Amino acid sequence: MSGLRAQRRIERAERRRAKRRNAMAFAASAVVAVGTVTGVLSAVAGEGDHRNSARPQTSRTPVPGPLPARPSPSATPSAQASVPASRTAAPARPSLSRPASKRAEPSPGRPTREPSARTPSSPPGAAALYRHPESQVLDWVRANRDDPRHPLIKNRIADQPAAVWFAAYNPGAVTAQVRSVTSAAATAGRIPVLVPYAIPDRDCGGASQGGAPDLAAYDDWIGDFAAGLGGGEVIVILEPDSIALSDCLSDGERQARFASLARAGRTLHAANPRAKVYFDAGHSGWHPAGKQAAALRAAGARSNSDGIFTNVSNFHRTADEAAYARRVLAALGGPAGLGAVIDTSRNGNGPPAGGQWCDPAGRALGRAPTTRTGEARVDAYLWIKLPGESDGCKGAAGTFTPDYAYQLARGD
């Protein structure tokens, strides 16, 4: 009998691994690790030595995978940010006060009851978005002033604001790192865009697996993250792929993750009531709006967010994303103030034909980052993925590639 029980345990483990592999195949925004993240800025520091500067580090940004067919996911994964690696160590743990909204982990098998819907604050204000002064593209621009591609790359890419990613589980460092960005943005009178990316079982155990060791540790890390938000306006893109790419989890694991995301939303708002927190809605080529809205509802988005984000590191057209976002919001249901932000960093010519994904030709920059979209329920267009960094075909994966940047800037 003991041999039979062992065999059954092996079979259950194998079924679970197969489920994860299948979810990976269907992911439309899966993260691909390239050592350090390609394109966007990252405030990630190593998890070992916490002694040095809290200054966010330039890193590589999202490397996309193949795009799925619309409307249901295909067998090929798509774009998302990969995991940054630190270039310098992080500081000693600063003292902080934990946001009061932190709660204990619920039992995994018990449904999570969503509290009464909070009334979201107004959309982000008209202040300009913050551009962090360090990135791979800025490094290239400073070092290549005589390059004939310099003016176009500088004006159309390097001068644009982009998101700042926090992708290392580094509880001793993240508060000071977040504070270094938010305080600089507040001094400049601008709005920073921050991306916490440390959810456990990140990327379904795939190439960008990692994050906090468990949800209790993640709750603590989010508390540390929130403690650095300050009191000014800030946009938080909460955990790309955490909802759209959750089918690989068991029912209990998914409920526990969604409960943790709901707590994260409450923690961020408690720390800074002016923070605008957006939850993961995938993109228009992935899940149907009704399915995505149901998952968002289970994650507490109605009560604990200011809306949703779509198209991170992807190529879908802005009009398609705006229409999809409104369908998701309608299916999600109130409050009426919930809005959406869309990643427009390289969607100017729409998605490539034939499922191409690796530095596809003919792509173009999308609309410039702004909080003035003129679109109902669309709060901002953002560059969450900084364009010009290779997916691995025109250059080494995750590195800034001037030929690719120049092609995107020209739109050919």
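Close-up 1. At 4% relative accessibility, D203 counts as buried (under 20% relative accessible area; over 50% is exposed and in between is partly exposed, with a 1.4 Å probe and protein chains only). This is a predicted model, where local features need pLDDT of at least 70 and side-chain atom pairs count only at pLDDT 80 or more, while totals for chains, interfaces and linings use all residues. Residues are numbered from 1 along each chain as its sequence is written, and side-chain values use heavy atoms, leaving out hydrogens and water. Phi of D203 is near 60 degrees, a positive value in a residue other than glycine. Look for D203 in the loop between β4 and α5 (helices are DSSP runs of H or I, at least four residues, and strands are runs of E, at least two, numbered from the N terminus).

**Close-up 2. D201, in the loop between β4 (193-196) and α5 (215-226).** Here too phi is positive in a residue other than glycine, near 60 degrees for D201. D201 comes out as partly exposed, with 36% relative accessibility. As background, most residues other than glycine have a negative phi.

Close-up 3. Helix α4 covers residues 174-188, and its 15 residues should span 21 Å at 1.5 Å a residue; the end C-alpha atoms are 21 Å apart, so the two agree (the expected span is 1.5 Å times one less than the number of residues). Buried residues in α4 are V174, T175, A176, Q177, V178, V181, T182 and A185. Their cover includes β3 (164-166), β4, α5 and β5 (234-237), with contact meaning heavy atoms within 4.5 Å. Just after α4, G189 takes a positive phi of about 70 degrees.

**Close-up 4. The cis bond at P335.** Going from G334 to P335, the peptide bond is cis, with omega near -5 degrees. P335 sits in the loop between α9 (318-332) and β8 (339-343). For context, most peptide bonds are trans.

**Close-up 5. The largest cavity, with about 60 Å³ of space.** A cavity is a set of points, on a 1 Å grid over the protein atoms alone, where a 1.4 Å probe fits but cannot get out; lining residues have an atom within 4 Å of a point. Eleven residues line the largest cavity, with R131, S135, A158, Q160 and L386 nearest its centre. Helices α2 (136-143) and α3 (150-158) are the elements that give two or more residues to this lining.

Methods
1 Å grid on protein atoms, 1.4 Å probe; cavity = no way out; pocket = protein on both sides within 12 Å on 5 of 7 lines; lining within 4 Å. Points joined across faces, edges and corners; volume = space filled by probe spheres on them.
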